[in-house]
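Please read it alongside the sequence and the structure.

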Amino acid sequence: MTKSIFNLPSIYQPFKLHGSHRHVLESFRRTLVVLVMTTVSVLTSLAQTPLNETEVYNRIMSRQNVEGYTQGTPWDNSHEYKNQVVFNGYNPGRFTGRGCQAFMMDMMEFASNYEYPIRKVDCTYDNLPKLHIGDGARLNNDMHSVLIIGINEDGHTVTLAEGNFNHSVKWGRTIDLADPSNGISYIETFWPEQEPDLTITIGQSGYATFYYTNSSYVIPEGVEAKVVENISNNILTLIPLSRIIPAGCAVILEGPAGEYTFASTTEEGTAGENMLRGTEDTEWITPEDQTCKYYKLTVKNGKAGFYYGANEGGIFENQAHKAYLPVPQSLSAKCFFFDEATGIDNMMATDENAGRAIYNLAGQLVNDSYKGVVIINGKKVLRK
């Protein structure tokens, strides 16, 4: 006897139902089936492991010495492969590839750990999409399929693994997809569609906050992205990130006033301890602890810092993609400033600063003869 978790027909089999009763119960049965299938689909999606370029590459290369995939192994159109994940809209088992396409499908699904659907991205040699390790490419004017296992810095010269190349498996051939003679027709990929690049404005204070959950972003030149590691004596210790802002990491941005482009990336990036939090949409922040107080980046009297976001540090409506700072009651204060050692680089005063309002680090307006670290136009300046 075959066992099953749900034997839905048995719900009504013991009863003799007629007319509308049977119709209602049948409708209920169909609804329950849809609910179960949807729940399984959602749980499967939630169980997906995040894609990582290095892990994908290592998974592919682990097959280079596996019997059936080694260099020179005979491979022709007699090789057949049925998809095990959604492939270009076909449900598992509904699409069959042969020869070179069978090799590419097999390798792509293995590379993504059989967890991500594969989709087609139309392109031409002079309009290529961003390429990833593990992508498939259709070449020779829709006649040959290959797997990308390496990408040069130019973004279009690639190293390949392929089946049915002269009737065998071939590892390591390098071609330029931007060369029209290679006849690229389209790319196939399991990598999720990237979020669009962002334009972020840093105001005259020289500071802004940043929080996005769906993608990592490359920190543009001229900007530093920092997390708050700890608090001591009302001073925030800021730790800079190396190159990437990881998805879901709230940061403080520092840099000269202006607009900056943050490019989305599949690189994950790393960040250590971080007290900052953020919201994806404009919404009321969720209290982390009843004893916490909550702060947001504000400029007062020319001095940037984290001040109460609401009366007495209560919860407030945080703006979309902005960071805020929850602080335990034991460490709370009316405001917090940045550790001078990790703030914007100090600079010598120049003529271009003349005539502008000058503040000391306490936020007090001072005259041009004041010596020491001051704030001019939102930037720290060392005056001697």
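Is Tyr114 buried, partly exposed or exposed? In this predicted model, where local features need pLDDT of at least 70, side-chain atom pairs count only at pLDDT 80 or more, and totals for chains, interfaces and linings use all residues, numbering starts from 1 along each chain as its sequence is written. Side-chain values use heavy atoms, with hydrogens and water left out.

Tyr114 is partly exposed, at a relative accessible area of 33%, where buried means under 20% relative accessible area, exposed over 50% and partly exposed in between, with a 1.4 Å probe and protein chains only. Tyr114 lies in the loop between α3 and β3 (119-122); helices (H or I, at least four residues) and strands (E, at least two) are DSSP runs, numbered from the N terminus. The phi of Tyr114 is positive although the residue is not glycine, and Asn301, in the loop between β19 (292-300) and β20 (303-308), likewise has a positive phi without being a glycine.

| Residue | Phi | Relative accessible area |
|---|---|---|
| Tyr114 | near 55° | 33%, partly exposed |
| Asn301 | about 55° | 56%, exposed |

Asn113, which follows α3, also has a positive phi, near 65°. The helix α3 itself is mostly covered, with 13 of its 13 residues buried. Its end C-alpha atoms are 18 Å apart, in agreement with the 18 Å that 13 residues should span at 1.5 Å a residue, the expected span being 1.5 Å times one less than the number of residues.

The largest nonpolar core has 27 residues, and those with the most contacts inside it are Val56, Ile60, Trp171 and Phe190; such a core is a set of buried Ala, Val, Leu, Ile, Met, Phe, Trp, Tyr and Cys residues joined through side-chain atoms within 4.5 Å. At least two residues of this core come from each of α2 (53-61), α3 (99-111) and β5 (144-151), and α3 gives the largest share, seven residues. Leaving aside neighbours within four places in sequence, Ile60 is in contact (heavy atoms within 4.5 Å) with Met107, Ala111, Ile133, Gly134, Leu147, Ile149 and Trp171. A second, separate core of 19 residues includes Tyr207, Val228, Val327 and Ala333.

For the protein chain as a whole, the secondary structure comes to three helices and 28 strands, and 43% of the 384 residues count as buried. Among contacts with a separation of 6 or more, 66% join residues 24 or more positions apart.
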